[in-house]
Amino acid sequence: MTKISRIRIDSRYLGFFINNFWNLVTLLEDKDQVASFLKDLLTHTEMKMFAKRIQIAKMLLEGHNYRIIKNYVRVTDPTISKISIKLETGGEGLKTAISYLQKLEKQIEKERMRIAPDIKRKYPTYFLQ
C-alpha cells in the first residue's frame, strides 16, 4: 500500500507542490511525454492501482455490476464502492476523463473494424463491454 511520510509539511508548501504537479502534467505535450513522466514518478504498483481505478470507473459508468467488475478487474467490493461513491458524489473530473477515453476507444475500434472486419468475431473477449 502506498504510504505518505509522517513528517508534517506546511499546508502552504504542500499547496505549492500540488500546484506544480498540476502545471507539469498540463505542460506535457503528448502521450509519450506523459507516459515517460509517470513511469519515472510512479512505482509499478501505483501505476496498476491507478489503471484499475480508471477501469472500475469506466465499467461503472457503462452500467456493469460489481460482480462483473470484481471478476474482470480483480478487485474487492470496497475498492469498487470507493470509486462508485466518488462518481455518485461528484467525480466530474473522473467522468470527463472517462468520456474522453470512451471516445478514443470507439475511434480505435472503428479503425480496427475498417482494417479487419472479422476481428470482433475472432477475438470477442477483446471487445468485452
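A residue is termed buried when its relative accessible area is under 20%, exposed when it is over 50%, and partly exposed in between (1.4 Å probe, protein chains only). Helices are DSSP runs (H or I, at least four residues), numbered from the N terminus. The structure is a predicted model, in which local features need pLDDT of at least 70 and side-chain atom pairs count only at pLDDT 80 or more, while totals for chains, interfaces and linings use all residues. Residues are numbered from 1 along each chain as its sequence is written, and side-chain values use heavy atoms, with hydrogens and water left out.

Helix 3 comprises 18 residues and reaches 26 Å from its first C-alpha to its last, close to the expected 26 Å, the expected span being 1.5 Å times one less than the number of residues. Just after helix 3, G63 adopts a positive phi of about 95°.

Two packed helices are described by the angle between their axes and the distance between the axes. Here, axes are lines fitted to C-alpha atoms over the stretch in contact, and angles run from 0 to 180 degrees between N-to-C directions. The axes of helix 3 (residues 44-61) and helix 4 (residues 66-74) come within 10 Å and cross at roughly 150°. Helix 3 and helix 4 are therefore roughly antiparallel to each other, a term applied to angles over 145 degrees. Their crossing is right-handed, that is, the near helix is turned clockwise from the far one by less than a right angle. The contact (heavy atoms within 4.5 Å) is made by K52, Q55, I56, M59 and L60 of helix 3 and by Y66, I68, I69, Y72, V73 and R74 of helix 4. These residues divide into eight nonpolar, one polar and two charged; Ala, Val, Leu, Ile, Met, Phe, Trp, Tyr, Cys and Pro count as nonpolar, Asp, Glu, Lys and Arg as charged, and the others, Gly among them, as polar.

Helix 4 also packs with helix 5, at an angle of about 115° and with the axes 10 Å apart. This crossing is likewise right-handed. Y66, I69 and K70 of helix 4 meet D77, I80, S81 and S84 of helix 5, giving three nonpolar, two polar and two charged residues.

R74, found in helix 4, has a positive phi of about 65° although it is not a glycine. At 62% relative accessibility, R74 counts as exposed. Most residues other than glycine have a negative phi.

Methods:
Helix = DSSP H or I, 4+ residues; strand = E, 2+ residues; numbered from the N terminus. Parallel < 35°, antiparallel > 145°, perpendicular 65-115°, else oblique.
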